[in-house]
Amino acid sequence: MSKHRFVAIGECMVEMAPAEGGLYAMGYAGDTFNCAWYARRLLGPDWTVAYATRAGRDSVSDGMVEFMAAEGIDTGHIARDPDRTLGLYLIQLTEGERSFAYWRGQSAARRLGEDSAWLDQVLDEARVAHVSGITLAILDPAGRDTLCAALGRAQARGTHVSFDTNLRPRLWEDAEAMRAGLLMGASVADTVLPSFDEEVAAWGDASPADTVARYRDAGAGTVVVKNGAGLVTAWTDVDGLVEVAPAPVARVIDTTAAGDSFAAGFLAARLTGAEPGAAITRAATLAGRVIGERGALARGLFD
Ligand code: AMP
């Protein structure tokens with residue numbers, strides 16, 4: 001098995017963001033793609049970072065694939081669906097507060113759980129596979145089963161599966177389906193990366209220890225519970241409980257991609273030999289810098 005392939009699987013959408021003069025700037029974004037983008041910048045040239053999804057065969061989909069390739073992402077596992085195209089979201093600014101409107105219900109990515117053989121190809125030779133709660137939420141129940149079964153097979157072959165729970169209750173049929181999906185994802189994951197505020201809302205957790213216990217009991221070997229500016233509470237089957245305080249951030253500009261960059265920072269650090277506490281420090285340092293910049297992809301940090 002290659003030791004140098006990082007694969008993120010999920011949905012990347014067209015993003016329409018407010019620009020000068022009432023115009024909108026078009027870009028491409030999505031949680032798992034953001035993570036891949038940061039991983040690409042953090043991992044050395046001996047790593048391939050791939051993004052796996054389904055897109056259409058139209059020019060908007062071509063534009064996304066070209067954009068990813070230009071960012072150094074391997075696009076060889078982007079399946080093309082002749083009947084569908086990308087999802088889209090629009091950011092609106094009202095007195096400085098961002099709100100989002102989505103057109104994603106019929107996106108090509110919703111079908112990425114339909115083809116078991118394709119998923120096995122995507123995961124073949126992956127050292128790491130990263131998925132999120134959004135990746136699972138956009139699939140139908142059969143697609144979730146198919147994706148998790150493929151992740152389980154990859155895990156058995158030695159792939160490290162990372163699962164960022166990224167809860168979006170409105171993407172799931174109901175709260176029960178969401179909770180079942182989270183446990184299924186965790187059951188095939190080595191590392192689970194929940195955010196405490198979301199876990200409180202979904203499960204009523206009283207403390208990060210409750211969050212750790214649930215995903216540990218579901219089968220994860222590493223659980224890293226983020227909590228905004230608060231303490232990161234992690235547990236690994238090797239090192240036990242680890243707590244790290246993120247460095248204070250002087251000015252929070254835009255929290256988009258805090259969790260996505262944290263995941264990339266944590267995984268990249270662990271993959272290159274860092275202990276859990278050091279990996280959290282590196283992840284939180286990156287996330288803290290990302291939220292000091294506008295937008296999901298903080299290019300300025302890597303110039
Ligand atoms: P969250 O998913 O909101 O808990 O954020 C993920 C990570 O981003 C946290 O674990 C922190 O490392 C970082 N982060 C988010 N918000 C803040 C903040 N206000 N100050 C410092 N770090 C933050």
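How many bridges join β1 to strand β8, and do the two run parallel or antiparallel? Three bridges join them, and the strands run parallel. The model discussed here is predicted.

**The sheet**

Nine strands make up an open sheet. Their order is β5-β4-β1-β8-β9-β10-β11-β12-β13, with mixed pairing. The edges are held by β5 (78-81) and β13 (240-244). Each has a single partner strand, so one side of each is left without a neighbour in the sheet.

Strand β1 covers residues 5-9. It is mostly covered: five of its five residues are buried. In a regular strand, side chains alternate between the two faces of the sheet. In β1, Arg-5, Val-7 and Ile-9 point one way. Phe-6 and Ala-8 point the other way. Residues of both sets are buried.

In the sheet order, β1 stands between β4 and β8. Strand β4 spans residues 48-56. Five bridges join β1 to β4, and this pair runs parallel. Within this pairing, Ala-8 stands opposite Tyr-51 of β4. Strand β8 spans residues 128-132. Here Val-7 has Ala-129 as its bridge partner.

**An antiparallel pair**

Which way do β11 and β12 run relative to each other? They run antiparallel, joined by four bridges. Strand β11 holds residues 222-225, and β12 holds residues 232-236. Val-224 has Ala-234 in β12 as its bridge partner.

**The ligand site**

Where does the ligand sit? The space taken by the ligand is the largest pocket. There are 15 residues around the ligand. Ser-195, Asn-227, Gly-228, Val-249 and Ala-284 come nearest. Two helices, α9 (258-271) and α10 (276-290), each supply at least two residues of the shell.

Ser-195, Asn-227 and Gly-228 each place an atom by an oxygen atom of the ligand, as tabulated here.

| Residue | Protein atom | Distance to a ligand oxygen atom |
|---|---|---|
| Ser-195 | polar side-chain atom | 2.7 Å |
| Asn-227 | backbone N or O atom | 3.3 Å |
| Gly-228 | polar backbone atom | 2.6 Å |

On its own, the ligand has 480 Å² of accessible area. The protein covers 84% of that area.

Technical notes
Residues numbered from 1 in each chain as written. Predicted model: local features only at pLDDT ≥ 70, side-chain atom pairs only at ≥ 80, totals over all residues. Heavy atoms only, no water. Buried < 20%, exposed > 50% of the residue type's maximum accessible area, 1.4 Å probe, protein only. Pairing = 2+ DSSP bridges. Near = heavy atom within 4 Å. Polar contact = N/O pair within 3.5 Å; in protein donor to acceptor, adjacent residues only side chain to side chain. Areas by Shrake-Rupley, 256 points an atom, 1.4 Å probe, with all protein chains shown as cover. 1 Å grid on protein atoms, 1.4 Å probe; cavity = no way out; pocket = protein on both sides within 12 Å on 5 of 7 lines; lining within 4 Å. Sits in = over half its atoms within 2 Å of the grid points.
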